[in-house]
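Please go through the structure below by question and answer.

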Amino acid sequence: MGLPTISLVGRPNVGKSTLFNRLVGSRQALVSDFEGLTRDRQYAEILLDEDTDTFVTIIDTGGLTNKDNIVDSGIEGQVLSALEESDIIYFIVSSRDGVIGLDLEIAARLRRLKKKIILVCNKAEGLNESLAAEFYEMGLGEPKLISAEHNQGICELIDYTLPFLPQLEEEEEEEEEIEGIAVAVLGRPNVGKST
């Protein structure tokens with residue numbers, strides 16, 4: 001079983017790559033004010049939480065649009081592949097823009113996946129809870145306010161995420177530690193198998 005996987009999904013310019021860079025702790029993903037810079041999936045394995053020694057794989061994706069062209073279709077294919085691999089989806093929206101039609105379309109598509117979706121309201125500098133009120137209409141539960149650029153709300157987002165990550169079964173861990181040859185004793189009743 002691989003590491004738990006979290007994908008970052010949303011429309012263009014909501015801060016997916018900025019959050020990716022913040023979680024990774026580097027400038028691995030390119031960030032710009034113009035749309036469409038991220039087109040392929042970008043992966044990073046990170047230590048999400050030092051206290052619990054939790055490692056995850058993070059996937060940055062391109063922005064979803066409702067445009068019908070070759071580039072946007074390719075980006076959508078990359079996003080769909082990332083969603084299939086994911087255990088948790090961070091659906092990133094912009095607190096500055098509020099809820100727009102494209103966000104509602106993406107939310108409806110994500111709800112059909114039957115995966116854990118965490119609604120992340122980025123660009124919420126100051127983390128004013130009243131900014132998040134309108135995002136409840138998306139039907140994805142409580143919005144988590146962050147500012148990826150200013151490193152606000154990131155620890156709270158991680159703490160909220162941890163209980164939803166799949167855990168390795170203890171049996172699987174024990175099976176991996178066992179070395180040697182497994183032997184089974186078979187036979188009909190009362191022939192001395194237990195002896």
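This is a predicted model: local features need pLDDT of at least 70, side-chain atom pairs count only at pLDDT 80 or more; totals for chains, interfaces and linings use all residues.

Q: What share of the residues of the protein counts as buried?
A: A residue counts as buried when its relative accessible area is under 20%. The protein has 195 residues, and the share of them that counts as buried is 41%.

Q: How many residues apart in sequence are the parts that the pair of Asp103 and Arg11 ties together?
A: Asp103 and Arg11 form a salt bridge, with their closest N and O atoms 2.9 Å apart. Asp103 lies in helix α3 (residues 101–111), whereas Arg11 lies in the loop between β1 (5–9) and α1 (16–24), so the pair ties together parts whose separation in sequence is 92 residues.

Q: Are Asp103 and Arg11 buried or exposed, and which residue is linked with them in a network of salt bridges?
A: Both Asp103 and Arg11 are buried. The network of salt bridges links Arg11 and Asp103 with one further residue, Asp97.

Q: Which residue meets the side chain of Arg96 in a salt bridge, and what is the relative accessible area of Arg96?
A: The partner of Arg96 is Glu125, at 3.3 Å from N to O. The pair links distant parts of the chain: Arg96 is in the loop between β4 (88–94) and α3, and Glu125 is in the loop between β5 (116–122) and β6 (144–145), 29 residues apart. Glu125 is partly exposed at 31% relative accessibility. Arg96 counts as exposed because its relative accessible area, 54%, is over the 50% cut-off.

Q: How far from Asp60 is the nearest side chain of opposite charge?
A: Asp60 has its place in strand β3 (residues 54–60). Its side chain makes a polar contact with the side chain of Ser17 at 2.6 Å. A salt bridge requires a nitrogen within 4 Å of a carboxyl oxygen. Asp60 is buried and has no salt bridge, and the distance to the nearest side chain of opposite charge, Lys16, is 6.1 Å.

Q: Which residues gather in a patch of negative charge on the surface?
A: One member, Asp159, is found in helix α4 (residues 154–161). Asp159 is partly exposed at 47% relative accessible area, and a patch takes residues with over 30%. The residues of this negative patch are Glu50, Asp51, Glu156 and Asp159.

Q: How much accessible area do Leu3, Leu47 and Phe55 have together?
A: Leu47 lies in strand β2 (residues 42–49) and is partly exposed, with a relative accessible area of 36%. Leu3, Leu47 and Phe55 form a nonpolar patch on the surface, and their accessible area together is about 230 Å².

Q: Which residue provides the backbone oxygen that the side chain of Thr61 reaches?
A: Thr61 sits in the loop between β3 and α2 (70–85). Thr61 is buried, with a relative accessible area of 1%. At 2.6 Å its side chain reaches the backbone oxygen of Leu8.

Q: What distance separates the C-alpha atoms of Leu165 and Pro4?
A: Leu165 is in the loop between α4 and α5 (170–177) and counts as buried at 5% relative accessibility. Leu165 and Pro4 are 161 residues apart along the chain, yet their C-alpha atoms are separated by 6.4 Å.

Q: What is the phi of Asp53, and what is the phi of Lys114?
A: Most residues other than glycine have a negative phi. Asp53 is found in the loop between β2 and β3 and is exposed at 53% relative accessibility, while Lys114 is found in the loop between α3 and β5 and is exposed at 75%. Neither is a glycine, and both phi values are positive: about 55 degrees for Asp53 and near 60 degrees for Lys114.

Conventions. Residues are numbered from 1 along each chain as its sequence is written. Side-chain values use heavy atoms; hydrogens and water are left out. Patches are made of residues with over 30% relative accessible area and no salt bridge: like charges are joined within 9 Å, nonpolar side chains (Val, Leu, Ile, Met, Phe, Trp, Tyr) within 5 Å. Accessible areas come from the Shrake-Rupley method with a 1.4 Å probe; for residues, only the protein chains shown count as cover. Lys and Arg count as positive and Asp and Glu as negative; His and the chain ends are not counted. The place of a charge is taken as NZ of Lys, CZ of Arg, CG of Asp or CD of Glu. Helices (H or I, at least four residues) and strands (E, at least two) are DSSP runs, numbered from the N terminus. Buried means under 20% relative accessible area, exposed over 50%, partly exposed in between (1.4 Å probe, protein chains only). A polar contact is a pair of N or O atoms within 3.5 Å; within protein, one must be able to donate a hydrogen and the other to accept it, and residues adjacent in sequence count only if both atoms are side-chain atoms.
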